[in-house]
Amino acid sequence: MLLVADAIKDFSLTVSPETSLTKIIDLTKQLREENIENQELFVVDNTQLLGIFKLFDLVYLITSGSNLEKMKVAEVMKPAITLQLNYNYQQALSLMQENNIMSLPVVNNYGELKEIVTPKIITKRLCKELSNTRKELREERKKYHKIRTENNELATHIKEKIQKQITLK
């Protein structure tokens, strides 16, 4: 069974709970300049995942006239949907689809944020796994054909010996 732990990727899209929303705007500009596409920021205190802030919510806050300089991300974050390291790919993808999200934080048993899993990472891992399976299958076929050839040769040899014994009698 393929586990999410096999597909986790490094990430740097975390902010502290005290980060102001104006700093988040700056961060999103920086991410765009670096061609990093992400829809969520993860609110982390030390290694503890506290919540998630969707960048779409930032649009709402800007249009609502909220004072973004005084507002901290901890005030507007939402609880994060998380994965444990032992989830499989199917469960991860189902959670993403059900909740309309493109990345899931992976936490350990203590709620510490470890990594992020995305459909793109899962796809790459599944492609690699498929490639490995194909290679293994080719090797197994080679072994099968070698054994089959050896068996045919042995059967021919035995048949020849039996016919010799029959003709000697």
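Let's start with burial: a residue counts as buried under 20% relative accessible area, exposed over 50%, and partly exposed in between, using a 1.4 Å probe and protein chains only. By that scale E112 is partly exposed, with a relative accessible area of 23%. The model is a predicted one, so local features need pLDDT of at least 70 and side-chain atom pairs count only at pLDDT 80 or more, while totals for chains, interfaces and linings use all residues. Residues are numbered from 1 along each chain as its sequence is written, and side-chain values use heavy atoms, with hydrogens and water left out.

Side chains of opposite charge can pair when their charged atoms come close. The structure holds five such bridges. One of them joins E112 to K114, with the closest N and O atoms 4.0 Å apart; K114 is partly exposed too, at a relative accessible area of 38%.

Helices here are DSSP runs of H or I with at least four residues, strands are runs of E with at least two, and both are numbered from the N terminus. K143 and E140 are separated by about one helical turn because they stand three residues apart in α5. Here K143 is partly exposed at 47% relative accessible area, and E140 counts as partly exposed at 46%.

Now for the strands. Strands of a sheet pair through backbone hydrogen bonds, either parallel or antiparallel; in this account two strands pair if DSSP finds at least two bridges between them. Three strands form an open sheet in the order β1-β2-β3, with mixed pairing. Its edge strands are β1 (14-15) and β3 (48-54), each pairing on one side only. β1 and β2 (residues 40-45) pair in the parallel sense over two bridges, and V15 has V43 of β2 as its bridge partner.

Two helices meet this sheet. Helix α2 (residues 55-63) packs on it, touching β2 and β3, and its direction makes about 60° with that of β3. Such angles run from 0 to 180 degrees between N-to-C directions, with axes fitted as lines to C-alpha atoms, for helices over the stretch in contact. Helix α1 (residues 21-33) lies across β1, β2 and β3, running at about 125° to β2.

In the loop between β1 and α1 you will find S20. S20 is buried, with a relative accessible area of 8%. Its side chain makes a polar contact with the side chain of T22 at 2.9 Å. A polar contact is a pair of N or O atoms within 3.5 Å; within protein, one must be able to donate a hydrogen and the other to accept it, and residues adjacent in sequence count only if both atoms are side-chain atoms. Leaving aside neighbours within four places in sequence, S20 is in contact (heavy atoms within 4.5 Å) with L68, E69, M71 and K72.

What holds the nonpolar interior? A nonpolar core is a set of buried Ala, Val, Leu, Ile, Met, Phe, Trp, Tyr and Cys residues joined through side-chain atoms within 4.5 Å. The largest one has 15 residues, and those with the most contacts inside it are L21, I24, L41, F53, L61, V73 and V76. α1, β2, α2 and α3 (73-76) each supply at least two residues of this core. Leaving aside neighbours within four places in sequence, L61 is in contact with L21, F53, S66, L68, M71 and V76. Apart from this core lies another, of ten residues, among them L104, V106, V117 and I122.

L104 and V106 lead on to strand β5 (residues 104-107), where they point one way while P105 and V107 point the other way, and all are buried. β5 pairs in the parallel sense with strand β4 (residues 83-84) over two bridges, and Q84 has V107 as its bridge partner in β5. Four bridges join β5 to strand β6 (residues 113-117), and these two run antiparallel; L104 stands opposite V117 in β6. β5 and β6 form a hairpin with five residues between them, and G111 in the turn has a positive phi of about 80°.

Key:
A salt bridge is a side-chain nitrogen of Lys or Arg within 4 Å of a carboxyl oxygen of Asp or Glu.
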